[in-house]
Amino acid sequence: MYDVPIGVFTSIDAGLGVNFDVVCELGVKTIQLHTPRRESRTNDCASAFLYKLNENGIRITAVFLGFEGESYETIEITSQTVGFVPSKTRAARLVEAFEISDFAKLLDVTYIGSHIGFVPHDRRSSEYAEVVETIRSLCKYLQKNSQSLILETGQESVQLLIKFIEDVACNNIFINFDPANLILYGIGEPIEALKMVAKRVRGVHCKDAVATTGTPGVDWGREVPFGQGEVNAEKFIKTLKEIGYKGALTIEREIPEQPERQKEEIGNAINLINSIKTKIE
Ligand code: MG
């Protein structure tokens with residue numbers, strides 16, 4: 001038996017995650033929360049939400065940053081709009097990330113998740129240095145709130161991500177490993193990548209995908225229900241146990257426009273994960 005909790009990627013008023021009521025109905029006890037809209041990030045909202053969490057025995061394992069203007073429509077548009085790489089929005093997003101960190105602290109959350117965006121490949125470029133400096137500033141701010149940053153995998157190779165983390169050089173920067181993203185972005189085989197970053201993993205997404213039939217890195221692969229793609233769900237979860245991962249297995253299924261199907265497929269993923277956890281010695 002691999003005794004770690006199951007989680008679900010959840011939204012309360014914005015974003016791609018599942019609705020909180022559905023989490024309660026599914027009986028899941030941990031969530032990663034997509035950051036609520038700015039107007040909801042108040043003391044009162046935090047208190048009301050904490051009350052709801054306690055009432056249902058649910059714990060938040062991470063708050064994920066999300067910003068207005070981000071779009072995952074194509075890989076190209078993702079690179080232009082997501083995270084801290086686009087220079088036009090970088091400074092404003094850093095300030096907003098500080099605000100989100102403060103809000104997460106009200107919720108007793110110690111991990112802040114983020115897509116940094118496509119890390120520039122040339123480590124000697126000024127753009128790379130600027131992104132490193134931005135993430136270092138974020139880590140220093142999180143330190144004051146006793147929080148750590150977990151970077152989502154997928155938009156660059158794990159080799160580059162490791163170099164990036166070393167260049168940021170803070171002791172509160174780790175990884176949220178999403179095996180499907182490596183397939184969606186055409187970066188490579190997820191299990192080997194997981195082993196390479198093993199000691200840095202503090203969160204995971206149970207998400208699945210099939211690779212593009214077009215050009216990897218240019219055309220998206222396709223997200224599919226967990227267990228039905230190329231991740232190899234059983235091997236993924238077994239490997240997590242082998243590397244000593246003790247955090248939540250957070251299911252991410254981003255089809256908010258089809259809530260019934262989303263709930264059903266998350267329910268199926270819960271059953272699948274439970275059966276795999278039971279099988280593991
Ligand atoms: Mg993910």
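**Entry 1: Phe 67 and Phe 84**

I looked up Phe 67 and Phe 84 to begin with, and both are buried (buried is under 20% relative accessible area, exposed over 50%, partly exposed in between, with a 1.4 Å probe and protein chains only). I have to keep in mind that this is a predicted model, where local features need pLDDT of at least 70, side-chain atom pairs count only at pLDDT 80 or more, and totals for chains, interfaces and linings use all residues. Residues are numbered from 1 along each chain as its sequence is written, and side-chain values use heavy atoms, with hydrogens and water left out.

I found eight aromatic pairs in the structure (rings of Phe, Tyr and Trp, the last by its six-membered ring, pair if their centres lie within 6.5 Å; planes under 30 degrees apart are stacked, over 60 edge-to-face, the rest tilted). For Phe 67 and Phe 84 I noted ring centres 5.6 Å apart and planes at 75°, so this pair is edge-to-face. The two sit 17 residues apart and link distant parts of the chain: Phe 67 is in the loop between strand S4 (59-64) and helix H3 (75-81), Phe 84 in the loop between H3 and helix H4 (87-106). Helices (H or I, at least four residues) and strands (E, at least two) are DSSP runs, numbered from the N terminus.

**Entry 2: Tyr 185 and Trp 220**

I went on to Tyr 185 and Trp 220, an edge-to-face pair with 4.7 Å centre to centre and 65° between the planes. This pair also links distant parts of the chain, 35 residues apart: Tyr 185 is in the loop between H7 and helix H8 (190-196), Trp 220 in the loop between strand S9 (208-210) and strand S10 (222-224). Are they buried or exposed? Tyr 185 is buried at 4% relative accessibility, while Trp 220 is partly exposed at 25%. Together with Phe 118, they form one aromatic cluster.

I also checked Arg 202, which lies over the face of Phe 174, 4.1 Å from the ring centre (this takes NZ of Lys or CZ of Arg within 6 Å of the ring centre and within 35 degrees of the ring normal).

Asp 178 lies in the loop between strand S7 (173-177) and helix H7 (179-184) and Glu 252 in the loop between strand S11 (249-251) and H10, so the pair ties together parts 74 residues apart in sequence. Asp 178 is buried at 0% relative accessible area, and Glu 252 is buried at 4%.

**Entry 3: two positive phi values**

Most residues other than glycine have a negative phi. Ala 169 has a positive one of about 55°. I found Ala 169 in the loop between helix H6 (158-168) and S7, exposed with a relative accessible area of 58%. Asn 232 has a positive phi too, near 70°. Its loop runs between S10 and helix H9 (233-242), and Asn 232 is partly exposed at 41% relative accessibility.
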